[in-house]
Amino acid sequence: MYLWQQEGLRYYPLRLFLREKFGARVWKITVDGGFACPNMDGTLSREGCIFCNLASFSPARRQTPRPIRQQIQQAAEKLRRRYGVNCFLAYFQPGTNTYGPVEKLRDLYQQALQEPEIVGLAIGTRPDCVPNEVLDLLAELAQKTWVLLELGLQTIHNRTLDWLGRHHTYEAFLDAAERAQKRHLPVGAHVIVGLPGESADQVRATAEEIARLGLHSVKVHNLYVARDTRLAQLYQAGQVRLPSLEEYAGLVVDFLERLRPDCVIDRLCADAPPEYLVAPEWSAKKGAVVAAIEAELKRRDTYQGHLFTTEPTSIESCPMRPGEGL
């Protein structure tokens, strides 16, 4: 029996993993390294993903740029006062946080690690922006501290990725995950559940593939509409339907049931500041969303990994191909 089950939980939350890993409560501090994105700077596109308003999901991009040391010290002090926490992960979140020369990356990551309360790094990036020399750097840092590589997957279905304007394929994710795992780096995936045009079976297929790959963690998001995005234009024109809270909770539970029981659940929903949120209204109440998911788990009397039956194999032996999506 897993510790999360011993504690009466129905899924493996990040807070519990961090407590097991570090022997103390650990919180993430969002760090902005000033990174750009190839999907916005013209390398791949200048439009970005269909849902992207960076300020809507990154507090750092709603503030005046500050040195990394100042970002960490100010956030750490606030969290110490509010929650009594003294250990933190530096979470490089805004932009594509491996998008740059290796020596620049090394300098930025080392600036964060020089702060005494930082016990590890979480690096958020695109799966098409992790060349071998960057993975070698992360593997080098991982010899001295804990490093999590978070890759934006969203879905395994390439037609949906095209609709989202991601400008990468699922195969790019497979390649990045394989090369990272060969260097013994834990890999997390960002996934959007309830994407327009994807069936429940396609959502389940994404979960089953994450389980097969043996990923360390998954960050589950709902699709929300932020102002000043292409998605907002489509939504306001009546061309996009978003799931209800009940539908979303059901899909998330379907998803959790198919994951490995040792896969860490980084989060279960996404939210945006009220001034940026267009829809759905229910996503503004994060606690209510989590409560709805937990209520559905209880109603079904189910739990994470309940329908996971096969041990993951190597990436090369994948028996399936990505579905069609939209």
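Predicted model: local features only at pLDDT ≥ 70, side-chain atom pairs only at ≥ 80, totals over all residues.
Biologist: Let's turn to helix α2. Why is R15 called exposed?

Modeller: R15 is found in helix α2 and comes out at 52% relative accessibility. The cut-off for exposed is over 50%, so R15 passes.

Biologist: Which residues of helix α2 are buried, then?

Modeller: Those are L14, L16, F17 and L18, in a helix that covers residues 14-22. They pack against α1 (3-6), β1 (26-31), β2 (87-92), β4 (146-154) and β8 (264-267). After α2 comes G23, whose phi is positive, near 70°.

Biologist: How far is R15 from A205?

Modeller: R15 and A205 lie 27 Å apart in space, C-alpha to C-alpha, and 190 residues apart in sequence.

Biologist: Zooming out, what is the protein built from?

Modeller: Twelve helices and nine strands.

Biologist: And why do you call the protein as compact as a globular protein of its length?

Modeller: The globule rule gives 20 Å for 326 residues; the radius of gyration here is 19 Å, close to that, so the description holds. The C-alpha atoms fill a box of roughly 50 × 45 × 45 Å along the principal axes.

Biologist: How much of the protein is buried?

Modeller: Buried residues account for 55% of the 326. Looking at contacts between residues at least 6 apart in sequence, 82% join residues at least 24 apart.

Biologist: What makes a set of residues a nonpolar core?

Modeller: The members have to be buried, come from the nonpolar kinds, and be joined through side-chain atoms within 4.5 Å. The largest core has 68 residues, of which F92, F255 and I293 touch the most other members. Helix α11 (residues 245-258) gives the most to this core, with eight residues. Another core lies apart from it, with 14 residues, including C49, V225, L242 and A279.

Biologist: Which residues is F92 in contact with, leaving aside its neighbours within four places in sequence?

Modeller: Among them are V31, G33, F35, I68, L108, Y109 and I123. Contact means heavy atoms within 4.5 Å, so each of these has to meet that limit.

Biologist: You named A279 in the other core. What kind of peptide bond joins A279 and P280?

Modeller: A cis one, with omega at about -5°. P280 is placed in the loop between β9 (277-279) and α12 (286-300).

Biologist: Last one: how far apart are the mean positions of the positive and negative charges?

Modeller: They are 5 Å apart, for 39 positive and 39 negative charges.

Technical notes:
Residues numbered from 1 in each chain as written. Heavy atoms only, no water. Helix = DSSP H or I, 4+ residues; strand = E, 2+ residues; numbered from the N terminus. Rg over C-alpha atoms; globule rule 2.2 N^0.38 Å. Buried < 20%, exposed > 50% of the residue type's maximum accessible area, 1.4 Å probe, protein only. Lys, Arg positive; Asp, Glu negative; His and termini not counted. Charge placed at Lys NZ, Arg CZ, Asp CG, Glu CD.
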